[in-house]
Every structure is written in structure tokens, then in C-alpha cells.
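Colleague: I am new to this structure and would like to learn how to read it. Could you take me through it one feature at a time?

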Amino acid sequence: MGRVVGIDLGTTYSLVAYMDAQTGAPKTIPGPYGSSLLPSVVSVDAKGKIIVGEDARDRLLTEPELTIYSVKRLMGRGVADIQDELRIFPFRIDAKSDSVIRVNLGEKSFTPPEISAFILRELKSWAEAYFKEPVDRAVITVPAYFNDAQRQATKDAGRLAGLEVLRLVNEPTAAALAYGLHKQKRGHVAVYDFGGGTFDISILKLISTTEGDIYQVLATNGDTHLGGDDIDNALMDLARREIQAKFGVELDSRGEDVQTLRKSLIRAKHELSSAQKTLIEYPLGAKGMYIREIKRAEFENLIRPIVARTMTPAKLALADAKLTPAQIDEAVLVGGSTRIPLVQKTVGEFFERTPHRELDPDEVVALGAAVQADILESGVKTMLLLDVTPLSLGIETMGGVIAKIIPRNSTIPASAQEMFTTGVDNQTAIDVHILQGERELAKDCRSLARFQLKTPPAPAGLARIEVKFLIDANGILQVAAKDLRTDEKHVVEVQPSYGLNDTEIERMLEESIDFAEQDFAERQVIEARTEADSILAATDKALKNAGSSVVTAEERVAIEKSEAELRTAMKGSDYKAMREKIDALNAATEHLAEVLMNGALSTALKGKSLDEF
């Protein structure tokens, strides 16, 4: 079996991490450009090639119609669910989308799990390049308030990326695991997770026993439509209004311009986390230049309503945990948006203590996922993770009312059962409608699945139907219904009404083979270029330091010719040609390397006696 890793599949950035056996601490894995942050952006070029990460983010400015970001907001959701997002984001939904959203990127269309799979596959390739061995299993984090459909979509994405998803872990819980390694705090902990596209708040109880540590989630709440993107959109709305009023320019129809302006505004947001003011300069061609100074006070007034929205879920989570802010021993900040001073101040005032932010808020969730991955891989028994289901689960009963079978914030894995009967004489089947949500009427809750259980005709109220719900450790639901009089039974693993069925997944897996080959080839090109850069730099330095007594004129000409041929090969994308020219340069510099090595050894040994070695 290959390696196991922890993955934070984020709205803005995604990361992959592992448990370092030598230090006993989790570490993130850097990509080919040195950063551990992979922008969660996917683009398709004119030839249909998939581009992920930094290069894809650059294409937001040049090819916005072929590029998608914040796809996490679309995971496990139906077309009707995303109308608000369509007003803000330039998502191009395929008109043929039915049960599953399909996003058009040029002439191709993809489902959100497919797009997320491209991101996961890129992280998988980072890890495999780092370990130099296969990576085939992962723990992936999800927002605590992700519903069943969103969790299933995340598992589908992992499967499409060639990963066995060992566990889905709630992001705040993962953060608590990461902080637990460093602080070993005991008591009640609030994890405030304000990311790019989602907000979560979880209340945990950390217990130390003679047998190990227990991380028990007492309550969770949040908003899957609230995040740093909303702050970006508030700045964007302000700039658009001012540009329209002053210059008469409407940016809505100018995709490239919108993305250029968004990039400038995000930079301004970042600067205002450390500076008291910043300047936005945005060219409008012949219309002139939009120049705008934004002070931190004005920025805070603009985003105050957004930050205030996070406090409602925080209050609800505390109420569910039967705690007050004063009873919270530690508050932990997670997510890039918590770098904003107003957010830190708001959280500190609410919980009446300075929140912890020692760990990088962008990395902490991935680090916690790596901890959980190590627990599952090694079978460690000294740390127990008790998570909860974020939303109530039940079935529709007479009159369109929902009967809740598993209440929200129930510790998972969980199971519960209820008895039901028929409401009409001579009824021959019972329609089992599975729902998720906190409202009292079925029409106001999310429909997860339906199935029918046949029953023999009998007077109303005579049948005895046992309905059993089972939630696994990933938060995925299985429902069984059984007629106790006839032993007729029906079991279904809930496939959300707009999830991917097995046939679609198999088709996507077959298609993913092509992308996997493409990804591997690209990695070989990157690795070859990196090695070529290194050997060229070393050769140039050696030639500069070598005199005529070390290398002859003929040797110098041959080396310089090999260097030129390697540089020419590097301009292309044929890694085999690059490897061939690297070998040729190594051969051409073999004598030079030998002479320099002998000289270095002579210098090192000069004046030393045998007794010193």
C-alpha cells in the first residue's frame, strides 16, 4: 500500500500534509514552486489541457471564461441552490444540468467533484514527488456544516483523484487536533474557522484520561455561504459602484477586467491586515484611472456586517453545548480571514479572551488532517476523536411533517431507530422520504433520498415499520426500513438527489486516466527543468572559477555547446530531450568535475596529519 496523507480541500487554497515520524509533528508538503498553498483554481487551455494552481489563477485574468475558482461552494448542491452565487461569480452553468451541476469551461463541461478531483490529483502528485512513492489514501477535511450531499460529493472527488478516502473530518475538529499537539490544553475549546467560502464554529471538550486524549465535539454550527469571498465581493461592489458613478463604466460584462480588479482588491484586503491604509489603482483605458485610498477604519465599517454574521452561529453552538462564553477555556482561530484585525477583535470580545493563532491559519486544518491520517494508519489508541453530525436527520410523516430520528450534534458514528405505521386502510406500500434539516415541515428541509417498502393490505395502523438510521464516521447516512410483520426489508446508502451515481463515477474514473498521464508527464517536465537549472548554475560557476590549466579551450567549447543545447531543450516540453541533454552535459563536464573535486580535497587535506582523521 502507498502512503496516507491529510488534505485540506479549501475554497481558496488547498494543502496536503503528513506526520513526520522523526519529529512526531505534522508538516505540510510544498509544491514545485516552494509554497505549500495550492490555489484552488482550475483552468482549461485551448487544447483541452487541465491547468491547476498558480498557473490557473494567472489565467483568471487572461482566460476567465475557461477558469473556475471557489468550486467548493458548488459541491453537492443543485442548480436552484446556487442562484445567489451566479449573481456574484462568473460560473457558467451548463443548460443541460439536471440532477448534477455541470460547469462549462470553454467547450468542455465538468461537475464540481470532477473539478475538485483535479485539485486533489495535483496535491497527490506533490506528495508522491516529495515521498518518491505512491500516495493512495487520504483523510480529507470538510466544513462542519457540510450536509450529506456535500460530504458525498467530496468523497466522490477523492475517488476520482485516485484516492481512497479513509475519513472525512470536520475542519474545526482537525484544527483542534493540530493545536492539541502543541498546547495539550484541557477543558472547553471553541474553534472559529473563517475561511474563503465557509464559516464554521465548533465547541469541543478535550479530556485527558489514563488511556489517552479524547477530543469530543459537543456542538457545531456555521454557514456554508459565508467566507472571505463575501469580503472580496463587498469590496468589489463598492469599486463597481464608484467606477460606474465616476466613469460611466459597467464592469459586469468585462470578465477579464473584473478579475483584474478583484486581484487588486484582494491585495488591498491583505495589506489592511497590517497597514492602516492602502491605495487601489485600476486603469480604465481611455476613461482614465480609478484611484482609491481605503483606510482600515472604512474597510472595517464595510465588512462589519459580514463579521457580525459569524456571531449568530457561535451563539447557537454555545447554546447547544449548554455553555456560556466565560466557560470557554481556549478560542482558536482558523482560516485566512482570521488574519483580519476586526475578526480577531470580535472573537476576543465575544469569548472574553485573546484567541490563539500561533499556527498558520492557512495550514492548521491540513496539519490536523495529517494527525487523523496517522491515527488511522498507525492504529494509535491514545487519541480518540468523537465528532458530531451537524444537521438533524429524519423522515417525512403524515401531513408533510418531519420526524427527526437523529438530532443535530449527535456524536458519530451514530444509529437510531423509530417505529412507524400506515395511515390509510389497505395501503400496499410505504414511501420513505429521507430528509435533513432543522425545520419542522418536509418542504423546508433538504431531500436526501426516497424509496418504497411494500406492505400487505391491512387496516390503517396495523403495520409495524421499523426505520433505522446509521451514520458512519464520515457523516454518510445509511437507512434501513423493515416491516416487522412480513420481514420485508429495504436498505439504502443515501445517494443525495443530485449526487453522482456509480455509472457516472466509473465513466469519470476512466476519463481521469488521461488526466493522470498528463499530470505525470507535466511533473516529469518540471522535475527535468529543475534539475537542468541546477546543473547549469553549477556548470557556469565551475567554468567561471576554472583557469586554462584546469580546462582546455576545446573542453570549454564542448561544455558551452552542451549548455546551449540543454537551454534549447528546456524551452520545449519534451522531458526526454531534456534528460538526454542533461546526460550530455554531465559527460562533457566529467573531467572538469574530477579536477575540481581533487583540488577541493587537496585544499581540505592540506596541513592535516593522519592522526586528525
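Modeller: Gladly. Helices (H or I, at least four residues) and strands (E, at least two) are DSSP runs, numbered from the N terminus. Arginine 121, for instance, is found in helix 3 (residues 112–131). Before going further, note that this is a predicted model, in which local features need pLDDT of at least 70 and side-chain atom pairs count only at pLDDT 80 or more, while totals for chains, interfaces and linings use all residues. Residues are numbered from 1 along each chain as its sequence is written, and side-chain values use heavy atoms, with hydrogens and water left out.

Colleague: Is arginine 121 buried or exposed?

Modeller: Buried means under 20% relative accessible area, exposed over 50%, and partly exposed in between (1.4 Å probe, protein chains only). Arginine 121 has 8% relative accessibility, so it counts as buried. From C-alpha to C-alpha, arginine 121 and glycine 162 are 7.4 Å apart in space, and 41 residues apart in sequence.

Colleague: Now the nonpolar cores. Which residues touch the most other members of the largest one?

Modeller: In soluble globular proteins, nonpolar side chains tend to be buried together. A nonpolar core is a set of buried Ala, Val, Leu, Ile, Met, Phe, Trp, Tyr and Cys residues joined through side-chain atoms within 4.5 Å. The largest core here has 46 residues, and Tyr192, Ile201, Ile203, Ile243 and Phe351 touch the most other members. Helix 6 (residues 228–247) gives the most to this core, with seven residues. Domain 1 (3–226 + 309–386) and domain 2 (228–307) both give residues to this core, so it lies between them; these bounds come from an automatic or database domain assignment. A second, separate core has 42 residues, including Leu74, Leu105, Ala153 and Leu160.

Colleague: What does phenylalanine 351 touch?

Modeller: Contact means heavy atoms within 4.5 Å. Not counting residues up to four places away in sequence, phenylalanine 351 touches Ala190, Ile201, Leu318, Pro325, Ile328 and Ala331. Alanine 219, in strand 14 (residues 212–223), can be read in that way too. With its neighbours within four places in sequence left aside, alanine 219 is in contact with Ile201, Ser202, Ile203, Ala317, Asp320, Ala321 and Asn409. Alanine 219 is buried, with a relative accessible area of 0%.

Colleague: How many aromatic pairs does a search of the whole structure find?

Modeller: A pair of aromatic rings is described by the distance of the centres and the angle of the planes. Rings of Phe, Tyr and Trp (its six-membered ring) pair if their centres lie within 6.5 Å; planes under 30 degrees apart count as stacked, over 60 as edge-to-face and the rest as tilted. The search finds eight pairs. In one of them, tyrosine 192 and phenylalanine 194 have ring centres 6.3 Å apart and planes at 80 degrees, so the pair is edge-to-face. Phenylalanine 350 and phenylalanine 351 have ring centres 4.8 Å apart and planes at 85 degrees, so this pair is edge-to-face. Both phenylalanine 350 and phenylalanine 351 are buried. Elsewhere, ring pairs link Tyr18, Tyr130 and Phe131 into a cluster.

Colleague: Which residue lies over the face of phenylalanine 131?

Modeller: A charge sits over a ring if NZ of Lys or CZ of Arg is within 6 Å of the ring centre and within 35 degrees of the ring normal. Arginine 3 lies over the face of phenylalanine 131, at 4.0 Å from the ring centre.

Colleague: And strands: how many bridges join strand 15 to strand 16?

Modeller: Two strands pair if DSSP finds at least two bridges between them. Strand 15 and strand 16 (residues 289–295) run antiparallel and are joined by seven bridges. Glutamate 281 stands opposite isoleucine 291 in strand 16. In a regular strand the side chains alternate between the two faces of the sheet. Strand 15 (residues 277–283) has a covered face, Thr278, Ile280 and Tyr282, and an uncovered one, Lys277, Leu279, Glu281 and Pro283.
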